[in-house]
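Me: I have a model open and would like to learn how to read it. Could you take me through a few features, one at a time?

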Amino acid sequence: MASNNLLRDPDPLKPSYLPETLVDRENTVSQLSEFDPSSGRNLLLHGPRGTGKTTFAHHFLQFDDTTTCYISCDQFTTQYQVLKQVYQILTHEEIGTGHHTSDLQRKIEERTGQRPVVLILDEVDFLLLNDGGSLLYYLSRIENRENLSLILISSNHSSLKEQVEERTYSSLQTNRIPFEPYDGETVYQLLKNRAEKALRPQSLHREALGYIASTTQNASQALHWLRVAAENTEQRITEEDVASLKDQAYREYVDHLLQPFTEHHRLVYQAIEELDEENKVDTVNTGAVYQRYQDLCQAYEEESLSNRRISDYLKQLELLNLINVKYYYGGQNGKTREINLIPF
Ligand SMILES: Nc1ncnc2c1ncn2[C@@H]1O[C@H](COP(=O)(O)OP(=O)(O)OP(=O)(O)O)[C@@H](O)[C@H]1O
Ligand SMILES: [Mg+2]
């Protein structure tokens, strides 16, 4: 990495940075500000990756006299893990292992009776791969229901109708707020605001920002790209610099998405990448991916996981929008799948 003499302050280019000013989205802002946590209704914020869902949830969902629990379900993927986390946030008490789900539920009910709670379940799709449906059913019927509101955030589903049972869907009563992809101009403005905070004056050509903004609508990818460009450029960042760093920027964005997951998720992704590169064809099949994954495990002296676990991991990579999977049923091999990488 080159010396960081272009970077004045790296923070505004980090994924965790909360911007003071938000670009665009007046409609979304007014929909969010109308939300009343004591209305007994819930919210679903949905839209593709990098459209500001998490950022807006953090900005606008601070209510007086209300406790907000934020949980990212790519890290806490089961009902039990989420309940445990909710309990810890509400009580500031660590809780050991070995409790029953119903124990945790009872303890939480005792707490939610006292003060209104807003529970934000970000990346809820990962929870729904497991027993998230049961958790949502339980929460939608919890005692003191009027004291608990749910804000669910999804990058894959614009409605929960197909994702949960009918009885859960009807008792959830969610208002949906769509996050449409940003256009080039908005991404440009968003990058410019951050660049002004993060970079020294005169360190960026306007065309460099234009190049990023016309290539991706995903604000998170765009900000990773700008940071990689700033870290790897000595003089002024030009359009050529940005273009030549595209692959590295995507790699860092992927690392960021995979960060809450295990080493084995990274190995599966690496296996798909390698096969994709070698084959020069669009799709690879799951058998080949599993074989390559096992080879990689051997090379890194890791014990490989079962085919079944790797199948689950593929579903998670799909929810991260890193791969597309096509399912074919029937035929000689029963169920088969073809996988392709989603390009930058
Ligand atoms: N309207 C906006 N104004 C300023 N910054 C924004 C805006 N929208 C998004 N960003 C920035 O873009 C990045 C991505 O936003 P965010 O993580 O909220 O998107 P997301 O929709 O939650 O993405 P994902 O689905 O991948 O979790 C963040 O760094 C955020 O600060
Ligand atoms: Mg998010």
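Reply: Let's begin with asparagine 42, which is buried, its relative accessible area being 0%. Buried means under 20% relative accessible area, exposed over 50% and partly exposed in between (1.4 Å probe, protein chains only). This is a predicted model, in which local features need pLDDT of at least 70 and side-chain atom pairs count only at pLDDT 80 or more, while totals for chains, interfaces and linings use all residues. Residues are numbered from 1 along each chain as its sequence is written, chains are lettered from A and ligands numbered from 1 in the order in which they are written, and side-chain values use heavy atoms, with hydrogens and water left out.

Me: Which polar partners does the side chain of asparagine 42 reach?

Reply: A polar contact is a pair of N or O atoms within 3.5 Å; within protein, one must be able to donate a hydrogen and the other to accept it, and residues adjacent in sequence count only if both atoms are side-chain atoms. Here the asparagine 42 side chain meets the side chain of arginine 145 at 3.2 Å and the backbone nitrogen of leucine 150 at 2.8 Å.

Me: In which strand is asparagine 42 found, and what does that strand pair with?

Reply: Strands (E, at least two residues) and helices (H or I, at least four) are DSSP runs, numbered from the N terminus; two strands pair if DSSP finds at least two bridges between them. Asparagine 42 is in β1, which runs parallel to β5 (residues 174-178) over five bridges and parallel to β4 (residues 148-154) over four bridges. Leucine 44 has arginine 176 of β5 as its bridge partner, and leucine 43 has isoleucine 151 of β4.

Me: Why is β1 described as largely enclosed?

Reply: Five of the five residues of β1 (residues 42-46) are buried, so the rest of the structure largely encloses the strand. Asn42, Leu44 and His46 point one way, Leu43 and Leu45 the other.

Me: And how do I read a helix such as α14?

Reply: An α-helix has 3.6 residues a turn, so residues three or four places apart point the same way. In α14, Thr286, Val289, Tyr290, Arg292, Tyr293, Leu296 and Cys297 are buried. Down the axis they fall within an arc of 165° (taken from the directions from the helix axis to the C-beta atoms), so they line one face. The face turned away from that buried side carries the exposed Gln298 and Ala299.

Me: What caps the N-terminal end of α14?

Reply: Asparagine 285 does, with a side-chain oxygen 3.1 Å from the backbone nitrogen of glycine 287.
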